[in-house]
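Please keep the structure open while reading.

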Amino acid sequence: HSLASIIFRPFIVDTTLYNVFFFALSEFRVSTLGYFLPLLFLPIAFEQNDKVRKFLIVLLKISILYTFLEQALSIMGYRSIFETFYKSAGIVSDNLIGRKSFGMYRVWGFTGSPQLLGIFHIYALVIMYINKDRLWTVLSILGVIASTSKTAYIVLVFLGILYLLYNKHYLIIIFSTLLFFGT
């Protein structure tokens, strides 16, 4: 990136090669800190692995419940509370207020956008499944649905197909494909 920026930026920005070289080195110096910052957390992660994992699972559960709360209150008529809160935070613009998808409001949740929220719940689904927590796995699937993210819906379908293929449930795949194309 630094080499490409040194070559192309003098033509794009209309500045000297020396200035571009200096700024590229400055960018590299600042970004290098970001590359090595996670290395500080590796010893902590190895030492406190179980505590960190449990804490992150609790945060995932809270985010799933918050999605349900936001969707339920929005449907019950309290949508303006969330619109005002998110608009004052700079997350929501006027064109996103009152938007619905599949009869449900487009909720923003903890991530600030329905698309990211849906993918976030996909991650929660995978983590809850790995931890063998059936209730929260189902709630994660419902969280994906409540997020109204069409991207997450497609990812959820692909994950379902991969799950069926991995567990060798070929008849279910065949019958659901026939049912899908039949309807």
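## Packing of H5 and H6

H5 passes H6 in a left-handed crossing. This is a predicted model. Two packed helices are described by the angle between their axes and the distance between the axes. For helix H5 (residues 134–147) and H6, the angle is about 145 degrees and the axes are 8 Å apart.

H5 brings Ile-141, Val-144 and Ile-145. These meet Ala-152, Tyr-153 and Leu-156 in H6.

## Helix H4

Helix H4 covers residues 114–130 and has 17 residues. At 1.5 Å a residue, H4 should span 24 Å.

Which residues of H4 are buried? They are Pro-114, Leu-117, Gly-118, His-121, Ile-122, Ala-124, Leu-125 and Met-128. After H4 comes Lys-132, with a positive phi near 60 degrees.

## Thr-67 in H3

Thr-67 sits in helix H3 (residues 49–88). Is Thr-67 buried or exposed? Its relative accessible area is 1%, under the 20% cut-off, so Thr-67 counts as buried.

A polar atom of the Thr-67 side chain lies 3.0 Å from the backbone oxygen of Ser-63. Leaving out residues up to four places away in sequence, Thr-67 touches Val-107, Leu-117, His-121, Gly-143, Ala-146 and Ser-147. Leu-117 and His-121 are among the buried residues of H4.

Gly-160 is found in helix H6, which runs over residues 150–166. Its relative accessible area is 29%. That value falls between the 20% and 50% cut-offs, so Gly-160 is partly exposed. Gly-160 and Ile-173 are 13 residues apart in sequence. In space, their C-alpha atoms are 9.5 Å apart.

Helix H7 takes in residues 170–182, 13 residues in total. At 1.5 Å a residue, H7 should span 18 Å. Its end C-alpha atoms are 18 Å apart, which agrees. How many of the residues of H7 are buried? The count is one among 13, so H7 is hardly covered.

How values were computed. Residues numbered from 1 in each chain as written. Predicted model: local features only at pLDDT ≥ 70, side-chain atom pairs only at ≥ 80, totals over all residues. Heavy atoms only, no water. Helix = DSSP H or I, 4+ residues; strand = E, 2+ residues; numbered from the N terminus. Expected span 1.5 Å × (residues − 1). Buried < 20%, exposed > 50% of the residue type's maximum accessible area, 1.4 Å probe, protein only. Polar contact = N/O pair within 3.5 Å; in protein donor to acceptor, adjacent residues only side chain to side chain. Contact = heavy atoms within 4.5 Å. Axes fitted to C-alpha atoms, helices over the stretch in contact; angles between N-to-C directions. Left-handed = near helix turned anticlockwise from the far one by under 90°.
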